[in-house]
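Here are some friendly notes to read alongside the model. Please keep the view open as you go through them.

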Amino acid sequence: MEKERSGGLYSEQRLRELSSGGWLQRFLERYPATMRLKAGVESAFLEGAIDMHVHADPCSLAPRNQDYTELAIDAARAGMRALVRKDHFYSTVGEAYAVQRHLDDLVERGVLLHRIEVYGGIPLAQSLDPQRIERALRFPQMKMIWLNPVGGEPLLDDGRLRPETDRILRLARDHNLGLNLGQPSHSRAKNPGLDDYEGLAPVVERIRELGAKAVLDHPLSS
């Protein structure tokens, strides 16, 4: 296992922590009311729901308890409308295309009674090349751009939007793609000294000017 790099890759210690489930224990201690929820209570809220931030195996950060196919089947059985699969380092568009084909086949054969839309997206990690977005647009599963994934490229230069960032925001507007804001603290090594507000405010202002669509990611921790 590689040690933590400037690209923001999690260290071996951090991966062990994620795998152990210790983060879940801390979450339950912080939000004890979740312990009073009964199994199945979520069903009434999941019908027609869209989950815009799904982690599943294969995951480039840490093991997950389901792969995307299993998760999509469970979501379909719960009556959900759509899922968008996120990975911090690689595109999930091709994976979503394959999973959608499989689920559609299950629906056609009567194995699944409810069809769900399965989508993916591209994280701005390793590169801000707008052509990565343009090439993925031929797939209907391309629905989201992750602006601040772990190890993400800086979106600003001296407090101003980089030209590549602006081009990507325009592509999102022109092709009705979602923009997942994330937090610059995901990539501290590439954004030294930049807090979440300073890193996001110019991006959000530009999104507003362009009329694109965005969602704030991790609002409890940002």
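This is a predicted model: local features need pLDDT of at least 70, side-chain atom pairs count only at pLDDT 80 or more; totals for chains, interfaces and linings use all residues.

1. Residues are numbered from 1 along each chain as its sequence is written, and side-chain values use heavy atoms, with hydrogens and water left out.

2. Start with the second largest pocket, which holds about 360 Å³ of space. On a 1 Å grid over the protein atoms alone, a pocket is an open set of points with protein on both sides within 12 Å along at least five of seven lines, a cavity is a set where a 1.4 Å probe fits but cannot get out, and lining residues have an atom within 4 Å of a point. Points are joined across faces, edges and corners, and a volume is the space filled by probe spheres set on them.

3. Of the 16 residues lining this pocket, Ile50, Met52, Val84, Tyr119 and Lys143 lie nearest its centre. Strands (E, at least two residues) and helices (H or I, at least four) are DSSP runs numbered from the N terminus. β8 gives the largest share of the lining, three residues. The lining divides into 10 nonpolar, two polar and four charged residues (Ala, Val, Leu, Ile, Met, Phe, Trp, Tyr, Cys and Pro count as nonpolar, Asp, Glu, Lys and Arg as charged, and the others, Gly among them, as polar).

4. How many cavities of 30 Å³ or more does a search of the whole structure find? The search finds one. The largest cavity holds about 30 Å³ of space, and its lining includes Asn148, Glu153 and Gly199. By class, that lining has five nonpolar, three polar and one charged residues.

5. Now look at α4 (residues 68-77) and α5 (residues 93-108), which pack at about 45 degrees with their axes 10 Å apart. Axes are lines fitted to C-alpha atoms, for helices over the stretch in contact, and angles run from 0 to 180 degrees between N-to-C directions. The two helices are therefore oblique to each other (under 35 degrees is roughly parallel, over 145 roughly antiparallel, 65 to 115 roughly perpendicular, and the rest oblique). Contact (heavy atoms within 4.5 Å) involves Tyr68, Thr69, Ala72 and Ile73 of α4, and residues of α5 including Val99 and Leu103.

6. Finally, the axes of α7 (residues 163-174) and α8 (residues 196-210) come within 10 Å and cross at roughly 40 degrees. That makes α7 oblique to α8. Here Asp166, Leu169, Arg170 and Arg173 in α7 meet Val203, Arg206, Ile207 and Leu210 in α8. This contact has four nonpolar, no polar and four charged residues.
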